[in-house]
Structures are given as C-alpha cells and as structure tokens.
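Welcome to this short tour. Please open the structure in your viewer and keep the selection panel at hand.

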Amino acid sequence: MGSKYTKRYTEEFKRDAIALVDSSGRTVTAVARELDISSESLRGWYRRAKADRGEGGPGELTSAEREELKRLRKEVREQQQTIEILKKATAFFVKENDR
C-alpha cells in the first residue's frame with residue numbers, strides 16, 4: 001500500500017533514468033540524487049529493466065512473466081470461488097432431492 005504522498009513517474013521518465021544509469025557509468029544512488037528521486041525506486045526500476053533484457057539474477061521474473069503470474073493467480077482465485085459455489089449448490093440440491 002503506497003502512501004498518498006507517493007510520487008508517480010511516467011514510463012518515459014523511468015526509461016530515461018535507467019538509460020542515464022547505463023550510459024553514465026555512475027551509481028544508481030548518484031543518478032537518483034541528481035534526479036531528486038528515491039534511490040530505492042530507481043534501483044527497482046533498474047533491476048526490472050535488467051530482468052526484462054535477460055540480464056536479471058536467477059529466478060528473477062521479467063515484466064511479462066510477472067503480469068502472467070498475476071493473471072494466473074487471479075484466474076485461480078476465480079476458479080476456487082466457482083468451485084465453492086458449485087459445492088454449495090450440489091449440497092443444496094442433494095438435500096432437496098432427499099425430501
């Protein structure tokens with residue numbers, strides 16, 4: 001949960017900041033200080049960009065994989081809810097049939 005004071009940055013700004021880290025040879029912290037942004041934010045953007053380029057650490061997900069995982073988890077939740085509804089409906093109709 002983000003604070004209501006959390007700044008939102010455009011994708012273009014993030015790409016430019018990441019490119020500045022890559023091209024300047026300076027540290028993420030130095031670039032973040034220059035741009036007046038949180039070094040942790042820039043570090044996260046940089047890490048994700050590296051993963052998307054296939055340069056991430058072992059087991060690190062790309063943005064596409066992260067989105068797919070999010071979609072699949074939502075799908076599983078919805079299917080679990082459907083199964084619970086069907087179980088309740090089955091129990092209801094079994095009771096009705098026994099009358």
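What covers the buried residues of α3? Their cover includes α1 (11-24) and α2 (28-35), with contact meaning heavy atoms within 4.5 Å. Before selecting anything, note that this is a predicted model, where local features need pLDDT of at least 70 and side-chain atom pairs count only at pLDDT 80 or more, while totals for chains, interfaces and linings use all residues. Residues are numbered from 1 along each chain as its sequence is written, and side-chain values use heavy atoms, leaving out hydrogens and water.

**Stop one: the whole chain.** Show the protein as a cartoon: there are four helices and zero strands, in the order α-α-α-α from the N terminus. Helices (H or I, at least four residues) and strands (E, at least two) are DSSP runs, numbered from the N terminus. The C-alpha trace spans about 80 × 35 × 20 Å along its principal axes.

**Stop two: helix α3.** Select residues 39-52. The end C-alpha atoms of α3 are 20 Å apart, which agrees with the 20 Å that its 14 residues should span at 1.5 Å a residue; the expected span is 1.5 Å times one less than the number of residues. Now pick out its buried residues: Leu42, Gly44, Trp45, Tyr46, Ala49 and Ala51. Buried means under 20% relative accessible area (1.4 Å probe, protein chains only).

Colour by burial, and 15% of the 99 residues of the protein count as buried.

Terms used: Buried < 20%, exposed > 50% of the residue type's maximum accessible area, 1.4 Å probe, protein only.
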